[in-house]
Amino acid sequence: MRLSPETLASLPAQVARPLYDRDAQDVGIVHFGIGAFHRAHQAWYTDAAMNLGDGNAGDRDWMITGVSLRSPGVARQMNPQGGLYTVAEQSGEGATLRIVGSVRNVLVASEEPDAVIAAVAAPATHIVSLTVTEKGYCRNEAGDLDFDLAHSLSFYYFVTQGLLRRHKAGLPGITLLSCDNLADNGAKLNALMLQYLGRHEPDLVDWFAQNCTCPATMIDRIVPATTDDDRAMVAAALGGLTDEACVITEQFSQWVIEDNFAGPRPRWEAVGAQLVSHVAPYETAKLRMLNGAHSLLAYCGLKAGHTYVHEAVADPDLRQLATRLMRQEAAPTITPAPGQNLTAYADALIDRFANPSLNHRLIQIAMDGSQKIPQRWLETIAANQAQGKPCPAILSAIAAWIHHLQGHNGTVDDPMADRLGAIANRAANPADAVRALFTGQGPHAGTWQPTAADLQTLTAACTGVQTAV
Ligand code: CS2
């Protein structure tokens, strides 16, 4: 028996479930990239906002239509369950389960393109949100739109077609909400959308600029890929019902959103989100500290033979490196928001990484390094360089990334894997690899210019010589 609207009533009493009449709600949000992260984060907040419910019309009609561009996997997990799924929060004391009801259905864009366009164009839709990962924005090395990648099976195409229909029908614009780990994600999405429209629908450019907004967001929750063991644990807790779409996450969650919406939105601030005028300090701290340390733990941890984040952070050398990256290299480059304490933030992050019940795989974080390291490491090294300060922890992480690119941790999962692997393997020595990657015509040239001292530190780290940090 599967979890579904029909079996919901048979769940054990301690499992929380939606408090609103799901069938009576309209879809207000179309979400591209409905993976585990969206289900444990934005859909979870939206469900909580609708749970607030009675008497407040604004807390209704925020159901989500999820879109997968190609893979039918999530649609097959969720549609037979009427969109219902479990969020299991794992702490040292066990798991707390809640059934989330905010997802109405999942469309696979390659199979039902018209349904996706119609969802964006529907009068009740006010928000199109995105978790398409860093590479989903189809950027070239200069950060501009790569028109070959942004083809008719990209979110750009579907959003544009939906907006065209809205414009023709005289409907209001929408809010485009990027929930990906990019620096200045709202402004980037806005600029990329304008490039796409400029080429494909120039007549829509002004309407888009006047009627649609792209708020910046900082999104945070650690969500490992769900495993068969997790599904078995959830089935046992659901009294034997299977849930193919369940997600496992930590108790912590944070969502900071720029208060710049084109139209209505759920009352996310009533369920823990922060609506602010400037997201940048939160976003920069999160990318450079949390994600920067995560990527360091991933590459250095794999090199040291670890499998999970909690194992890597229990290794005293790696814990020291991650702490140094956060406190001494990243934190001084950030101007904190009022009340934001970056030292306490670093300590809290080490505690979150140490959660042994998450089993967060280092190889999951090691994926797509070419798309992640500019905002996680290179901006930090460049900011330190401007002050004449070295970043030995990040340099060790870069050395471990090069080791990863050479194929020592198995096949490299990265859109630039072939090119990066060829550079890393062709280089006569580590300093050459770094020069080829980060200078001249290299794929990561621009943000940071390695100095002679940096090259020395990197060479030492690549050849396994310990440097004092
Ligand atoms: C991780 C992030 O996979 C990764 O690259 O660093 O997904 C991280 O877990 C989230 O950003 C936490 O909010």
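Two rings of Phe, Tyr or Trp (its six-membered ring) are counted as a pair if their centres lie within 6.5 Å. In this predicted model, a search of the whole structure gives 11 aromatic pairs. One of them joins tryptophan 44 and tyrosine 45, whose ring centres are 5.2 Å apart. Planes over 60 degrees apart count as edge-to-face; those of tryptophan 44 and tyrosine 45 stand at 90°, so the pair is edge-to-face.

Both members of this pair are buried: the relative accessible area is 12% for tryptophan 44 and 1% for tyrosine 45. Trp44 and Tyr45 belong to one aromatic cluster, together with Trp255, Phe261 and Trp268. Arginine 221 lies over tryptophan 44, at 4.2 Å from the ring centre, and arginine 265 lies over phenylalanine 261, at 5.5 Å from the ring centre.

Helix H8 spans residues 228-237, and its buried residues are Asp230, Val234 and Ala235. These residues are on the same side of H8, because they cover an arc of only 135° around the axis. Exposed residues, namely Asp228, Asp229 and Ala236, are carried by the face of H8 turned away from the buried side. The cover over the buried residues of H8 includes three strands: S3 (85-91), S4 (94-100) and S9 (247-249). After H8 comes glycine 239, which has a positive phi, near 70°.

Conventions: Residues numbered from 1 in each chain as written. Predicted model: local features only at pLDDT ≥ 70, side-chain atom pairs only at ≥ 80, totals over all residues. Heavy atoms only, no water. Phe/Tyr/Trp six-rings, centres within 6.5 Å; stacked < 30°, edge-to-face > 60°. Buried < 20%, exposed > 50% of the residue type's maximum accessible area, 1.4 Å probe, protein only. Lys NZ or Arg CZ within 6 Å of the ring centre and 35° of its normal. Helix = DSSP H or I, 4+ residues; strand = E, 2+ residues; numbered from the N terminus. Arc of directions from axis to C-beta. Contact = heavy atoms within 4.5 Å.
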